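Welcome! Here is a friendly walk through the structure shown below.

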Amino acid sequence: MDLGLAGKVALVTGGSEGLGRATALALAREGCAVAICARRPEPLRRVAEEIAAAGGPVLAQPADVSRAAEVRALFAALRARFGGLDILVNNAGTSAAMPFEAADDETWQSDLDLKLFAAIRCIREAAPLLRARGGGRIINILNTGAKAPGARSLPTAATRAAGLALTKALSREYAGDNILVNAICIGLVRSGQWERRWEREGRPDTLDAWYARLAQERGVPLGRVAAAEELADLVLFLASERARYITGAAINFDGGLCPVW
Ligand SMILES: NC(=O)c1ccc[n+]([C@@H]2O[C@H](COP(=O)([O-])OP(=O)(O)OC[C@H]3O[C@@H](n4cnc5c(N)ncnc54)[C@H](OP(=O)(O)O)[C@@H]3O)[C@@H](O)[C@H]2O)c1
């Protein structure tokens, strides 16, 4: 199936690891020029080399997307390198889920800065660029807690619910510009943040066995944790011409875990 992505320019925030890395590489393999950002330069450089090896033009810009000035600098570098943008994937983030009384104002603020304000600022910068191309795609990576918040899921669940509202409102506001805005609500996907948890627990098992137990403990109906490459396939589809009638959707990518659709 031709996805019609060749020659497009994509930006994936948090592109140096996990879901972002898999997505950036998948977009490059489809012929996109790809920009990635993350805070740590070294993992970013390694992924830039992988993208270059996949044949794609690449921009790897160190940036903390929770800081407004760094988002502005990221987009200045993007405009200088590629001159425009077709696809924005707001992916950078990490989980912050704890008992409600354990989260102080600072914890709430940093979660909002990282996972809500980063998307707001990136979309504000991206929208004129997408409009100038006659349209484009915005894909917001959220989690299933956005739709079905559980106990001890804050502040993440509230931040992600705001991301859901942002997605729906902008899908309507930008429809006339042919800018399609969708969200993906993630359940459990293999990534750097899970591997770090496995390390913190002292590698109690092989990584595969640990993931199998995680899927069982969380009760994933499909019985396993997804690979990051499987998530990348969904991003490719939403970014592609094949998804040109889909906007304002929030798709669960969770092996059936979320109790609501
Ligand atoms: N994997 C899952 O099961 C799962 C479940 C639900 C939701 N998600 C969401 O999916 C997204 C990707 O997660 P992941 O599991 O792939 O995590 P990951 O393996 O830890 O990768 C996170 C990426 O984001 C970057 N990042 C983190 N903070 C950043 C910041 N302030 N500015 C710029 N880049 C930043 C990291 O690089 P640096 O650390 O160098 O900045 C890294 O490249 C996140 O939004 C996460 O909340 C994942």
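## Where the two domains meet

Two salt bridges are counted between domain 1 and domain 2; a salt bridge is a side-chain nitrogen of Lys or Arg within 4 Å of a carboxyl oxygen of Asp or Glu. Glu17 pairs with Arg196 in a salt bridge whose closest N and O atoms are 3.0 Å apart. Helix 1 (18–29) and helix 8 (228–239) each give at least two residues to the side of domain 1 that touches domain 2. Helices here are DSSP runs (H or I, at least four residues), strands likewise (E, at least two), numbered from the N terminus.

Contact, meaning heavy atoms within 4.5 Å, links nine residues of domain 1 with 11 residues of domain 2.

## How the model is laid out

This is a predicted model, in which local features need pLDDT of at least 70 and side-chain atom pairs count only at pLDDT 80 or more, while totals for chains, interfaces and linings use all residues. Residues are numbered from 1 along each chain as its sequence is written, and side-chain values use heavy atoms, leaving out hydrogens and water.

Domain 1 covers 9–189 + 228–253, and domain 2 covers 190–225; these bounds come from an automatic or database domain assignment. Their C-alpha centres lie 24 Å apart.

## A look at Arg67

Arg67 sits in the loop between strand 3 (58–62) and helix 3 (68–82). Arg67 counts as partly exposed because its relative accessibility is 49% (buried is under 20% relative accessible area, exposed over 50%, partly exposed in between, with a 1.4 Å probe and protein chains only). From Arg67 to Arg121 the C-alpha distance is 9.3 Å, with 54 residues separating them in sequence.
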